[in-house]
Amino acid sequence: MSEIVLYYTRAGHVENIHRGDVVAVNCAGKIISSVGNAHLPMFWRSAAKPFQALPFVKNGGLEKYNISQEELAVLVSSHSGEENHVALVRGILSKLGLDESVLDCGTIRPMSGKVYKNIIAHGEKLLPVHNACSGKHSQIIALAIMLGVPYEGYTRPEHEAQKLIFKHVAMASKMPEDKLEIGIDGCGVPVFYLPIYNMALAYARLSTPKLGDWKDYEDAATKIRDAMSTYPQVVSGTGRIDCAVPEITKGRIIAKIGSDAVYCLAVKDGDLGITFKIEDGSFAAVTPMVIAVLKHLDLLTKEEAAALDEKFPPILKNHRGEVIGTIETVF
């Protein structure tokens, strides 16, 4: 059962309560720490993206299309739609001989409020390339081309690219294929339903590929991990916690958000993967929860913890900028 993890207070009284589940696992599958239900079944959402890219990387996609490490980072990203993100996605599609009209991820306001305001101010239209999942969609299209099958319909579960991705997600998370369920994600592609334990196990294996028993996938896993570690702003976006954690820890801790408050972390060469889920899906609770989990597991130096607290103070402000409450960790 989920446990209370965060209190939001006002005038010294608890006003909002967030419940959640957390699990930290090593490559051997041992649970290092947990809060709530370590085996909670949940949709992995966008936190699965590094593993959805495995077949493309393993089968030589980076070399075939001259994909840089920075471009690989955007292929596994949930980006903010900033100028560099859009340019990277367009550049990848150009290398495929395509343009953004092939993207079937739909349009949604970018995760960056600044970008969204700028688009509106200039009377421009939101485009699929602004979608946080446009990098992933570009990768799936590229995979389809590599497989020699039409990329049309690439979002459907029965598409050859999606069937191959499904097998790789199951392999990475050590889930039997007949136990790995799917739904449809916000961007239209299959989304995977599995215990948060298995999500954390996949991230543990990603954290330290040499210990992860990847066999001939070790090189692909290492490339994906290193791209995420080196280009956190590309994987996420300016000012976001997923960007700040790798930046402040100098790439030692990799962070990846999923929609509806599922979140994964990996300690580079630290044999540890972590997953948490906020029960009510609150996006606002994600940032304080990330910091709380890292502190709970003693994964931050004093300086790193202070830097994150300074950047994301655990306080609540009103519309005039006055401090009116606190965010308190309960576990």
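Trainee: Which residues does Gly135 touch, not counting residues up to four places away in sequence?
Mentor: Gly135 touches Val74, Leu75, His79 and Val89, where contact means heavy atoms within 4.5 Å. Keep in mind that this is a predicted model, in which local features need pLDDT of at least 70, side-chain atom pairs count only at pLDDT 80 or more, and totals for chains, interfaces and linings use all residues. Residues are numbered from 1 along each chain as its sequence is written, and side-chain values use heavy atoms, with hydrogens and water left out.

Trainee: Why is Gly135 called buried?
Mentor: Its relative accessible area is 0%, and buried means under 20%, with exposed over 50% and partly exposed in between (1.4 Å probe, protein chains only). Gly135 is therefore buried.

Trainee: What makes β5 and β6 a pair?
Mentor: Two strands pair if DSSP finds at least two bridges between them. Four bridges join β5 to β6 (residues 190-195), so the pair qualifies. The two run antiparallel, and Gly183 stands opposite Val191 in β6.

Trainee: Where do β4 and β5 stand in the sheet?
Mentor: The open sheet has three strands in the order β4-β6-β5. β4 (41-43) and β5 (181-184) are at the edges, each with a single partner strand, so one side of each lacks a neighbour in the sheet. DSSP runs define the strands (E, at least two residues) and helices (H or I, at least four), numbered from the N terminus.
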